[in-house]
Structure formats: C-alpha cells, structure tokens
Amino acid sequence: MTTRLADIAAQAGVSEATVSRVLNGKPGVAATTRQSVLAALDVLGYERPVRLRQRSEGLVGLITPELENPIFPALAQVIGQALTRQGYTPVLATQTPGGSTEDELTEMLVDRGVAGIIYVSGLHADTTADMQRYERLRAQGVPFVLVDGFSPKVQAPFISPDDRAAMALAVTHLASLGHTRIGLALGPKRFVPVQRKIEGFVRTVQEQLGLSAETVETELVQHSLYTLEGGQAAATALMDRDCTAVVCASDMMALGAIRAARQRGLDVPKDISVVGFDDSPLIAFTDPPLTTVRKPVPAMGQAAVRTLLEEIGGTPAPHSEFVFMPELVVRGSTASAPGDRNRP
C-alpha cells in the first residue's frame, strides 16, 4: 500500500498524505488536486475505491462510422473523456458495412433511455439522405448534436472543421513550392464535407494558378473511397494527368497516394508531393512523415459535448453551425516541384 501511495503521489505531483486524504474521502482537498489524484489512479491502472466512483448522470450515445480510420477513435476518445468529466457515461455505437445502420443504432440508444446523442459523419452529411429522421428524434425529446456535415433542413447544433479553408491551406503551400498541377483526391460527391473541399480547392487553384473552374473540376478532382485503396486509385488517376502534387481528403487516402507513387517507382516528395487531412494519431511517424491539414479534434469534441449538455440542461445553444479552423502541419511528404529545385 505504501508503494502504491508513493506511485500515485509521484504521478499526481502531490504528497502521499494528500493521496491518502483523497482515497479516504477526507475533506480539505481542492477539487483540482482531487481530480489529479483520481487521474493518477486511472493512468497507473489502479481501481478506484467504491466510494470515489462517480455516479452517472446518464448515458450519452456516440454514433461514429467505422473505426479503421484513426481519426474516429481519436474524436471518440476526446468526446468520451469530456462526457466522463461531466459525470455522463458514453456509449459508443459504430456503424460497419453490413452491420447496424444509423437508424437502428439510434433506436437502440433511445430504447436505453440515453440523455442525448452525438452523431459523427452520419447521414446528416449525406445530401441524398432523408433528414426527417432527425426531426422525428427531436419530436421524441432526445437532444442531439451533429459533427462533420451540415443540412439547413435540420434544426440542431452542427460542429464542423472549415473544409474550404483546409483546402486553401494545402493548395497555397503546394503552389508556394512551385507546383502547377495539383490534384485533389476525395470521397463521393454527395457528402457535404466533400462538396466544401471542392469549393475551397477550386477557388484557391483559380486564385493561385489562374486555371478555370471547369478545368480544375474536370481534370484535377478525383472522387474515390475514403480508404487507403481509394487514395491509391485516385492518386493513380491524377498522376496519369501529370499532377506533381496530390491533396487528399483524409490521411488514409494520403497513405494510399504514397503507395501509388512508389508502385510507379516515384519518390515522395522528390517526384510527387502528398498532403493529407486530419493529422490522425501516428501520422507524424509514417515514411515520409506526412504533411497534413490538422483537424481541430480536441476543440470540436469538447464543443460537441458542451453543446449537447446545454441542450440536455434546457438552455440550448443556437441551432447553427460552429466552424473550427484547421491548421497546416508541414512535414516530409511535400517539397519543391520537380524541375523547380532551385526554389528555397
């Protein structure tokens, strides 16, 4: 027990006496200090004493797409931690091809009496989907927040990254390196984030390189799937059109683009530059480390929870879209365009 106290005290940066007071439920410990001790217990893998376990304020559903793309687990972790800090118990429900649909997962969560639901990249992002499902949910009195996607037909708070600005950051970076044939690889056109990325890409390529909107859309935009294989297929098509740089709508697609370049015997970034989107976990450690546009996941996840809890508490946030600014992270997968090596 003494060893355990010493470990927890060292991890939390407090005295063993303070740890003892927290574990025994004694008064006189600041709330932030108490939280540090409980966090230290969790990090070190010790079980919390029964008296210190938080009573749940209720269940909150989190519906995400598949978890193969690491950006979704990263967002789920931020949202789950924020809910837990506020006393709620997160319930993660994942859509998988051939598995439960969003509607089935919603029904399951509502049947279990959830206090609210957060949807990530759901049907609200699909311009061909029926948005009445969300109005029916509202009519049932279930608060919800929608992340990554927007529909003017749904009265709810939306949380989104600025997809147009993301493309402006990527294209401006590549143009500054001398690239004049920049391609865009992204998912199916029916999704709102895809349409916004195209808008930002077309506008910035027009401004930076003087190409017409029609030329950009027909020659430099390639739709595929949001997977490594999808990125590989899209990048192959763009390289066939003489692109020396490819902007991808996800880091997974970017890894596929790098694989496509290597299959042609091309070097990244000497022969072709690749930019991702998300800055998902471990992406800084790929070969080469990926230049990407960082999605503001912590800010978006915390805003989703804060907004949902306001809805649950009866003081709803405005039913509008909260847009978060992304950030360009330059690493090793971008360089000066081939034949433009004298540029700094």
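## A walk through the predicted model

Start by selecting helix 2 (residues 16–23) and helix 3 (residues 31–43), whose axes lie 10 Å apart and meet at an angle of about 90°. These two helices are therefore roughly perpendicular to each other. Keep in mind as you go that this is a predicted model. To see the contact itself, show the side chains of T18, V19, V22 and L23 on helix 2, and of T33, R34, V37, L38 and L41 on helix 3. By class, this contact has six nonpolar residues, two polar and one charged.

Next, select helix 5 (residues 102–111) and helix 6 (residues 132–139). Their axes come within 12 Å and cross at roughly 5°, so helix 5 and helix 6 are roughly parallel to each other. Here E102, D103, T106 and V110 of helix 5 meet R133, Y134 and L137 of helix 6. This contact of helix 5 with helix 6 is made up of three nonpolar, one polar and three charged residues.

Now for the interior. Nonpolar side chains tend to be buried together in soluble globular proteins. Select L184, F201, C248 and V274: in the largest nonpolar core, which has 41 residues, these touch the most other members. Among the elements giving two or more residues to this core are helix 7 (163–176), helix 8 (192–209) and strand 9 (273–278). Helix 11 provides the largest share, six residues.

Which residues does F201 touch, leaving aside those up to four places away in sequence? Display M167, V171, I182, G183, L184, V216, L220 and V221 around F201 to find them. A second, separate core has 24 residues, including V60, A76, V120 and V297.

Finish with the charged pairs. The count for the model is 13 salt bridges. Select R262 and D287, a salt bridge whose closest N and O atoms are 3.8 Å apart. R262 lies in helix 11 and D287 in the loop between strand 9 and strand 10 (291–294), so this pair ties together parts 25 residues apart in sequence. R262 is partly exposed at 42% relative accessibility, while D287 is exposed at 58%.

Your last stop is D279, which is buried, with a relative accessible area of 15%. Its salt bridge with R294 is 2.7 Å, N to O, and R294 is partly exposed at 31%. D279 also forms a salt bridge with R331, with the closest N and O atoms 3.0 Å apart. R331 lies in the segment after strand 12 (327–329) and D279 in the loop between strand 9 and strand 10, so this pair ties together parts 52 residues apart in sequence.

Conventions
Residues numbered from 1 in each chain as written. Predicted model: local features only at pLDDT ≥ 70, side-chain atom pairs only at ≥ 80, totals over all residues. Heavy atoms only, no water. Axes fitted to C-alpha atoms, helices over the stretch in contact; angles between N-to-C directions. Helix = DSSP H or I, 4+ residues; strand = E, 2+ residues; numbered from the N terminus. Parallel < 35°, antiparallel > 145°, perpendicular 65-115°, else oblique. Contact = heavy atoms within 4.5 Å. Nonpolar A, V, L, I, M, F, W, Y, C, P; charged D, E, K, R; others polar. Core = buried A, V, L, I, M, F, W, Y, C linked by side-chain atoms within 4.5 Å. Buried < 20%, exposed > 50% of the residue type's maximum accessible area, 1.4 Å probe, protein only. Salt bridge = Lys/Arg side-chain N within 4 Å of Asp/Glu carboxyl O.
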